[in-house]
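Please examine the sequence and the three-dimensional structure shown below.

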Amino acid sequence: MEQFAQIQVSHLFFLAFASLAVVAAFNVILQRNPIYSAIGLIVVMCCLAGLFLTLAAEFIAAIQIIVYAGAIMVLFVFVIMLLNVREEDAKTDRQKYLKFLAVPLFLALIAEVMAVLKTVGNPAASETVPGTVESVAEGMFTNYVLPFEATSVLILMAIVGSMMLARRESKEETNEIEAALTAANQPTEIVEESSEEEVHA
Amino acid sequence: MVPLSWYLALSAVLFTIGVAGVLIQRNAIVLFMCIELMLNSVNLTLVAFSRFLGDVTGQLFVFIVMVVAAAEAAVGLAIIIALFRTRETLNVDEADLLKL
Amino acid sequence: MLKWITLAPLIGAIINGLFGKRLGEKAVGAIACGSVAVSAVLAFLSFNQLIHAPKDANDVRRITEHFFTWISVGNFQADFAYLLDPLSGIYILFITGVGLLIHIYAVGYMHGDPGFYRFFAYLNLFMFMMLTLVLGDNLLLLFVGWEGVGLCSYLLIGFFTKWDVAGDASKKAFIVNRIGDFGFMIATFLVFTTFGTISFVTKNIGGQEVASFLTQVSAPTIAVGGVLTAIALLLFVGATGKSAQIPLFVWLPDAMAGPTPVSALIHAATMVTAGVYLTARCSAVVVKSPTAMVVIACIGAATAIFAATIGLAQNDIKKVLAYSTVSQLGYMFLACGVGAFAAGIFHVMTHAFFKALLFLGAGSVIHGAHDEQDMRNMGGFRKYMPFTFGTMFVGWLAISGFPLLSGFFSKDEILWKTWSTEALPTVAGFPLSKILWGIAALTALLTAIYMTRMMVMTFWGEERFGKSHGDDHGHASHGHDDHGHGGHGHGKPHESGWLMVAPLVILAVLSAVGGFVGVPAAMGGSNHFEHFLEPVIAHAQPHGAAAGHGAATAEQAAVPAVKAEEHHDTSTELALAGFSILLGLIGIAVGFAVFGKNPLKKMPKILEDKYKVDELYDEVVVTPIETLSREGLWKVIDVKIIDGAVNGTARLFGSLSGILRYTQTGFARNYAAVILVGAIVVIGYFGYIALR
């Protein structure tokens, strides 16, 4: 019974969230239907948000739910539904060996990491508990304001980029691109031909 | 208090699961989701260390990582959509033009 | 002034070579002859200066002139510097004199040839090289001239570029010469390593006075034999190549494919005497090696008689003269081998006169007979070309040893010195010198016979021109000197123009009186020639003089040697002289008797085939080398090994890439798997290190 006296509530919380996260993660990689994988990932993220709360990082936990689970995963689900993805046939896998290779590599990596982790002691948690919005904001707008601004530029690039990549070309654009390609490829017609053959093959 | 090593172990397991997923999955979108899983596990590590060392830098890093992950997801999915338009399939094995 | 002797023809060559095509025949001829004339005048003036120059400590008169320092590396110094002493003085006189006459002759002979300017450019270049050869004051500069005359010989033999025969002959000449040059080079290296200098005069090297190797080798303390024999023999190998002795004589008869003035100048009067010059110049080394002297004497005598027998059977007039040249060169080397270097040089000079005369005369005959060279198609020419006949008459008598002509004195001197020398050992009880004398005397007889045959077939008897007589050899013997004269063998022969006849006359005069500078004491003269040359030529020791203490210096040896000479019978000398006159007259008589009646008498086939020496060399030397090169060097080493290595490396990388290609599959998941494996390895390694 003494061992159970050591167990605290925080441990239980951790185990609950952790085991659910692991199960959901396996779900992500092993499901055939991508929607199920997406749902698994959402569950993982929510569990992680819970874990962040146990670590007293409330701001990050909130951000995790709002941004990751609420925006990014929604985007994923939209795309899956947009593209109307079917389940993949196992027979058409051209590299079946990877399925069998994954297990030993997985175990090897886990073993290595665990071996290293043994040396990590159990330091006591520090006195100052960062994680409140004030401390995060303090850090962000004084020491790390440059990365913060840089990320805003990054988001801008992402917006513009994804818009450009994903839209359909209009007729004029198609013709323009065709003309440019044929003009550029004039002297290297042989290359042009062979690459076309490969594409059709 | 939950020992630090437990958090790190969990993070490692989630990361490894993500890596295995990259190897196993053929669907491009699910591949992406496995990459997101890896990023999340790293986030966990960062926050854990931030708590145990008392420094807020770890959480700020997590913030940045999330932003980057979002941007990457957006652009990556746009590319997948564009790819899907030409090939009608999401199988990453079909994209092998770099073969010698 | 000495450098202008050599530079004048060089300038002539450059002008003719670069601008000759535009200048026209008259201008080209004038420049060519003019530059040689300048050279000749300067040569006479320099010679005059020399004989009035004071004698130095060793009783030698010499004039030196430094042009520029060529190589000066450590102890080795070779300059472009000229040395005029009695030996080179004699040489420049007859080189420029006879050369000038031949140039004038050639202006007439080569008239109408499209390569006129090229011919004279090469001829002037040859004069420059030859003069550098004799005026050089060290072995290396001599070698420059040596190689240069070889080059000019190649250019001039192959002058008629249309004829394959000419091209082959020029290549043969160059290659055979090269074999000799190899010996020369090794000898030069040996001289340098043994004596520390290759110069003929004392030089100031790096602040130290270094005596010439010729002086060093005469020192009493030098050991006889060994290295000195090697040097002497290797120098002789070089001389064999250049002066056509056994075994490297085969190029000279083939060289007759060149124009006749070339044959006269290069292959009679000047280039082929370069070997004799070298041997005389390095006489100090040669006399220190009894073995070398025996070798030189024997090869000289053997060549003399060998070539004389072949000359007896040739039908091409130029080939007869070519073999005659080889034979006479044998005489010169015989003289050097028995220690009578001065006699050898004397014969060089007289031979230059009468052989050039004979060759130019033959050219005149060929020209007049419309490019016919086969003597079987000549005959009775003496009424058509009286001047040519008259001058060749003198040359013929000179070479046969008719008394009082130049050839008589020089040949007789050689025969006397061969008989009376004490420098050679005895072989099987017989003194070698007497054996060699016998061979030389027999050769004199044969010389008279074959020269008479040549004269009889050409100038006397029934006129056979116009009817072709036999061309039973494969190679064409007529039409070589074809230069716009067209055709062969029709019409009557005619005398040549004065441009060609005048040099003939002058040479005839020289052949007649040229011998009087060397009349030996026994016959009442004072032998100016030998006394003039004495200071620069070493004296041979009697064979069997104790090795270990070599001779004293040349002039100390001169006194007892001169006295020793006087002790020999003057009567023996006169008796031998009488005997050789007799031989000459018998030879002429036999020639008339046998060939006067039957000019076309067939000689033994083996002589006509020149003992098949060329075929032998082909079989034994050329074919194995060719086969080795083709089968071994080309097919195995070049194709299989070298190309194999190069191509093999390429193929190796090709196949390596072919294998590596399989890693680029194009599948993203593969790449991810590889990265993962790599990451596991790296993490494992660092983890292992960290946990130890």
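Across all chains, this predicted model contains zero disulfides. One cysteine that illustrates this is C47(A), which takes part in no disulfide; the nearest cysteine sulfur belongs to C46(A) and lies 6.9 Å away. A disulfide is a covalent bond that joins the sulfur atoms of two cysteines. For a pair to be counted here, the two sulfur atoms must lie within 2.5 Å. The separation of 6.9 Å from C47(A) to the sulfur of C46(A) can be set against that cut-off of 2.5 Å.

Chain B may be considered next. What pattern does chain B follow when read along the sequence? The pattern is α-α-α, in keeping with a content of three helices and zero strands. Chain B has 100 residues, and buried residues make up 66% of them.

In chain C, attention may turn to S153(C), a residue of helix 5, which spans residues 139-157. Is S153(C) buried or exposed? With a relative accessibility of 0%, S153(C) counts as buried.

A patch of negative charge is formed on the surface where E615(C), D618(C), E619(C) and E626(C) gather. Among these residues, E615(C) belongs to helix 24 of chain C, which covers residues 613-660. The relative accessible area of E615(C) is 40%, so this residue is partly exposed. The value of 40% lies over the 30% that a residue must exceed to be part of a patch.

A patch of another kind is nonpolar. Which residues form this nonpolar patch on the surface? They are V677(C), V681(C), V682(C), Y685(C), F686(C), Y688(C) and I689(C), and together they have about 700 Å² of accessible area. One of them, V682(C), is found in helix 25 of chain C, which runs over residues 668-691. V682(C) counts as partly exposed because its relative accessibility is 43%, and partly exposed denotes the range between buried, under 20%, and exposed, over 50%.

How values were computed: Residues are numbered from 1 along each chain as its sequence is written. Chains are lettered from A and ligands numbered from 1 in the order in which they are written. This is a predicted model: local features need pLDDT of at least 70, side-chain atom pairs count only at pLDDT 80 or more; totals for chains, interfaces and linings use all residues. Side-chain values use heavy atoms; hydrogens and water are left out. Patches are made of residues with over 30% relative accessible area and no salt bridge: like charges are joined within 9 Å, nonpolar side chains (Val, Leu, Ile, Met, Phe, Trp, Tyr) within 5 Å. Accessible areas come from the Shrake-Rupley method with a 1.4 Å probe; for residues, only the protein chains shown count as cover. A salt bridge is a side-chain nitrogen of Lys or Arg within 4 Å of a carboxyl oxygen of Asp or Glu. Lys and Arg count as positive and Asp and Glu as negative; His and the chain ends are not counted. The place of a charge is taken as NZ of Lys, CZ of Arg, CG of Asp or CD of Glu. Helices (H or I, at least four residues) and strands (E, at least two) are DSSP runs, numbered from the N terminus. Buried means under 20% relative accessible area, exposed over 50%, partly exposed in between (1.4 Å probe, protein chains only).
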